[in-house]
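Visitor: I have a model open and would like to learn how to read it. Could you walk me through a few features?

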Amino acid sequence: VSPSHTARDFIRLAAVLAAIVAAAGLRVALHPPNLTWIGAMALFRGAVIGRQARAFVAPLASLGLRDAILGFYPGMIFQYVATAIAVAIGLLALSRSRGPLRVGLSALASAILFFALRNFGVWLSSGTYPPSPAGPAHRSSARLPLPGRPGGRGQAAALGRRPSISN
């Protein structure tokens, strides 16, 4: 192993660790509604990292660090699964070709799957919404960031407050 190879590995490891800390820190900070740094990193890592197992490390470690800081909550496994799916979308759809249409469709698919899976998980584990087929629809419609919606993320952001992690 050459010294330059070791230095390169160290730089790569430092970059991954910095990305993990930055993504977790940005998630703790106030951010615009429906903007998820960890989700973006998951899609990017899937698209860029050649080794499949390594692509999952930084996004999932960022979630773990964030949850260790903010606290663990019911249904969080759904967020981890949704993040892993975003990495998989990057691996499958963007590892060979990254044209604008392909990137846009991958980002859209990743966001929709994250929204649906996360809301289903909160509905399933929170007990806040009715345990009926209408429950997930009620949960999802309540989370749409519409201006002036009472209790919605749009109103919380407009008032300068950070919505709770469980919502």
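This is a predicted model: local features need pLDDT of at least 70, side-chain atom pairs count only at pLDDT 80 or more; totals for chains, interfaces and linings use all residues.

Visitor: Which element has the lowest mean pLDDT, and which the highest?

Guide: pLDDT is the predictor's confidence in each residue, from 0 to 100. Helices are DSSP runs (H or I, at least four residues), numbered from the N terminus. Helix H7 (residues 153-158) is lowest at 41, while helix H4 (residues 76-94) is highest at 89. The chain averages 75.

Visitor: How do H2 and H3 pack?

Guide: Two packed helices are described by the angle between their axes and the distance between the axes. Axes are lines fitted to C-alpha atoms, for helices over the stretch in contact, and angles run from 0 to 180 degrees between N-to-C directions. Here the angle is about 170° and the axes lie 8 Å apart, so H2 and H3 are roughly antiparallel (over 145 degrees).

Visitor: Which residues of H2 and H3 meet?

Guide: Contact means heavy atoms within 4.5 Å. From H2, Ile38, Met41, Ala42, Arg45 and Gly46 meet H3 residues including Ala55, Pro59 and Leu63.

Visitor: Is Gln79 buried or exposed?

Guide: Buried means under 20% relative accessible area (1.4 Å probe, protein chains only). Gln79, in helix H4, has 6% relative accessibility, so Gln79 counts as buried. Beyond its neighbours within four places in sequence, Gln79 contacts Leu63, Arg66, Tyr73, Phe114 and Arg118.

Terms used: Residues are numbered from 1 along each chain as its sequence is written. Side-chain values use heavy atoms; hydrogens and water are left out. Helices (H or I, at least four residues) and strands (E, at least two) are DSSP runs, numbered from the N terminus. Angles under 35 degrees count as roughly parallel, over 145 as roughly antiparallel, 65 to 115 as roughly perpendicular and the rest as oblique. Buried means under 20% relative accessible area, exposed over 50%, partly exposed in between (1.4 Å probe, protein chains only).
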